[in-house]
Amino acid sequence: AILGHDFHPSLDVDGTLLDRVTADLVEGQVSLVIEPGTRCEDSDGEPLAYVSVSKDSRPPAYAGGVVLVAHSLQPSGAAFYPAIELGISFEPRALPQGVVPTDLAVAWYDGQASVWRELGTTIDTQRNIAYADVSHFSTLGLLAPTATPDPARFEVRDLNLDPTQVPPLGKVLASVTVTNAGGTQGTYELEVRINEERSQSE
């Protein structure tokens, strides 16, 4: 078994896996099983050089409930033929009220459509692991559907000023990143204040 956060699979020149891989990554929170004979390619169609998994501390919101945990699997766009087995562990006591383990679903995040795409999921209730077959790498998470999605919750970060100093009557470009960390859509009014005076809102 492979432990840690990353590993380098043993492939032939065509990108075909030579030996079976059983990896327990991110301190046992994520498992990967890749059978010999699986073709492993990066986004350019070249043999896969490495596999890396890291926890996503700020996963995209899930409109149908909550994201229990999400992980970034790299390199993004890596593809597997046939699909490989992914396992994500969970703690039953941490599930939202009214949600049971068999409600959970493994999903990948479609960045172009800004939605989570659920995968066929098998729940091992003895070991508390959700399994799904994965054909490509992206952000993958474990979703818990709830009757009432979390409300919209906006976070403002990454304030940038260009330039940072301007002469009188000069112009400055200000930008920020606003993200919705909640479970539903919403609107957010952003106010710009200069010397405590409201200048503009959007």
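Val172 is partly exposed in this predicted model. Its relative accessible area is 44%. Val172 sits in the loop between strand 14 and strand 15. A nonpolar surface patch includes Val172, together with Val156, Leu159, Leu161, Val166, Val176, Val178 and Tyr188. The patch covers about 640 Å². Two strands each contribute at least two of its residues: strand 14, spanning 154-162, and strand 15, spanning 173-180. Strand 14 provides the largest share, with three residues.

Tyr188, another member of the patch, also takes part in a ring contact with Phe154. By the ring-centre criterion, three aromatic pairs are counted. In one of them, Tyr109 and Trp116 have ring centres 5.3 Å apart. Their planes meet at 65 degrees, so this pair is edge-to-face; the class requires an angle over 60 degrees. Trp116 is buried, because its relative accessibility of 10% falls under the 20% limit. The rings of Phe154 and Tyr188 have centres 5.4 Å apart. Here the planes stand at 40 degrees, so the pair is tilted. Phe154 belongs to strand 14, whereas Tyr188 lies in the loop between strand 15 and strand 16 (191-194). The pair therefore ties together parts that are 34 residues apart in sequence. Phe154 is partly exposed, at a relative accessible area of 25%. Tyr188 is partly exposed as well, at 40%.

The whole structure holds seven salt bridges. One of them joins Arg58 to Glu155, with the closest N and O atoms 3.8 Å apart. This contact lies within the 4 Å cut-off. Arg58 is in the loop between strand 6 and strand 7, and Glu155 is in strand 14. The two residues are 97 apart, and the pair links distant parts of the chain. Arg58 is exposed, with a relative accessible area of 53%. Glu155 is partly exposed, at 23% relative accessibility. A further salt bridge connects Arg157 and Asp158, whose closest N and O atoms are 2.7 Å apart. Arg157 has a relative accessible area of 33% and is partly exposed. Asp158 is also partly exposed, at 42%. Shared partners join Arg58, Arg153 and Glu155 into one salt-bridge network. Elsewhere, the side chains of Asp110 and Arg117 form a salt bridge with an N to O distance of 3.1 Å. Asp110 counts as buried, at 13% relative accessibility.

Strand 3 (residues 21-25) runs antiparallel to strand 4, and five bridges join them. Within this pairing, Thr22 has Val33 as its bridge partner. Four residues separate the strands in the hairpin of strand 3 and strand 4. There, Val26 adopts a positive phi near 50 degrees. Strand 8 (residues 79-89) also pairs with strand 4 in the antiparallel sense, over four bridges. In this second pairing, Ser31 stands opposite Gly87.

The largest nonpolar core contains 35 residues. Among them, Leu32 and Leu86 touch the most other members. Several strands give two or more residues to this core: strand 3, strand 4, strand 6 (51-55), strand 7 (65-74), strand 8, strand 12 (129-136) and strand 13 (139-145). Strand 8 gives the most, with four residues.

How values were computed:
Residues are numbered from 1 along each chain as its sequence is written. This is a predicted model: local features need pLDDT of at least 70, side-chain atom pairs count only at pLDDT 80 or more; totals for chains, interfaces and linings use all residues. Side-chain values use heavy atoms; hydrogens and water are left out. Patches are made of residues with over 30% relative accessible area and no salt bridge: like charges are joined within 9 Å, nonpolar side chains (Val, Leu, Ile, Met, Phe, Trp, Tyr) within 5 Å. Accessible areas come from the Shrake-Rupley method with a 1.4 Å probe; for residues, only the protein chains shown count as cover. Buried means under 20% relative accessible area, exposed over 50%, partly exposed in between (1.4 Å probe, protein chains only). Two strands pair if DSSP finds at least two bridges between them. Rings of Phe, Tyr and Trp (its six-membered ring) pair if their centres lie within 6.5 Å; planes under 30 degrees apart count as stacked, over 60 as edge-to-face and the rest as tilted. A nonpolar core is a set of buried Ala, Val, Leu, Ile, Met, Phe, Trp, Tyr and Cys residues joined through side-chain atoms within 4.5 Å.
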